[in-house]
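Hi,

Here's the structure I promised to pass on. Have a look at it first, then read my notes below.

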Amino acid sequence: MESIIIPNYNNLEEIQFNIYDSEISYYGGSQNWFPKKFHNLSGCGPVAAANITAYLSQNFTDRYNTLYPYKGIISKKDFTMHMVEIRKYVKPGLFGLTSVDKFSDSVLAFSSDRGVSLSSHILADSATSIQDAINFIAQALSQKLPVAILVLKHSLKEFKEYTWHWMTITGLKLNLKDNLPYIIVSSYGGRQEINLDLLWNKRRSKDIIRLAYFN
């Protein structure tokens, strides 16, 4: 197995993005909150976009304040309205949202309409090694920026719930038990840890994983 290096490992603190509903705390948004059933089924891309834009607005207020119109603690009610609004831009097709470029362009359009000039960073198709992915994720997280990840297909059953699915990466770490890299993600309003070595290195050539972040 190739040696894994996580750049700036000591500086990669996990991003905390909590949404509250009375006494319940969620780790990011959930597509199940959409009022319409069809949006529940195809809402993971808009949720990732909603997570990222709300987080930027709350944590970099001097630059991104207008991306999320609600102030104070992020409530489930307010965030759901934000999800509905951003879905007008980040629109899944019949088979979902399968293009990272379309996802990126849609987030930029949403931001532009709110007077914010964002830049997108997309991991190139030519970047095929796990070290390329780790470097890309670490570059974002070292700036306290979450990363959108799209996993289309995967041959391993462990990743069934994560396929054909957008998530938000909030952390990257080496697991001391197996000395392998793990990503921390927000998915369906919960915090999950995913073995990045398995996800990246045990996929088939036709299995697509795409990454993007914004600043």
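Strands (E, at least two residues) and helices (H or I, at least four) are DSSP runs, numbered from the N terminus. Keep in mind that this is a predicted model, where local features need pLDDT of at least 70, side-chain atom pairs count only at pLDDT 80 or more, and totals for chains, interfaces and linings use all residues. Residues are numbered from 1 along each chain as its sequence is written, and side-chain values use heavy atoms, with hydrogens and water left out.

Now the sheet. Six strands make an open sheet in the order β3-β8-β4-β5-β6-β7, paired antiparallel. β3 (120–122) and β7 (190–195) are at the edges with a single partner strand each, so one side of each has no neighbour in the sheet. From one strand to the next, the twist averages 35°. Inside the sheet, β4 (residues 147–151) and β8 (residues 209–214) pair antiparallel over four bridges. Who sits across from A148? Its bridge partner in β8 is A212.

Helix α5 (residues 100–112) touches β3, β4, β5 (165–175) and β8, and its direction makes about 20° with that of β8. (Axes are lines fitted to C-alpha atoms, for helices over the stretch in contact, and angles run from 0 to 180 degrees between N-to-C directions.) Helix α6 (residues 130–141) touches β3, β4, β5, β6 (180–187) and β8, with its direction at about 95° to that of β5.

α5 also meets another helix: its axis and that of α2 (residues 44–59) come within 11 Å and cross at roughly 45°. On α2, the contact is made by G45, A48, A49 and T53; on α5, by F103, V107 and F110.

There's a separate hairpin too. β1 (residues 18–21) and β2 run antiparallel, joined by four bridges, and I19 stands opposite Y26 in β2. Two residues lie between the strands, and S22 in the turn has a positive phi of about 60°.

Last, the aromatics: the whole structure has twelve aromatic pairs. Rings of Phe, Tyr and Trp (its six-membered ring) pair if their centres lie within 6.5 Å; planes under 30 degrees apart are stacked, over 60 edge-to-face, and the rest tilted. W33 and F79 are edge-to-face, 6.4 Å centre to centre with 90° between the planes.

Cheers

Methods
Two strands pair if DSSP finds at least two bridges between them. Contact means heavy atoms within 4.5 Å.
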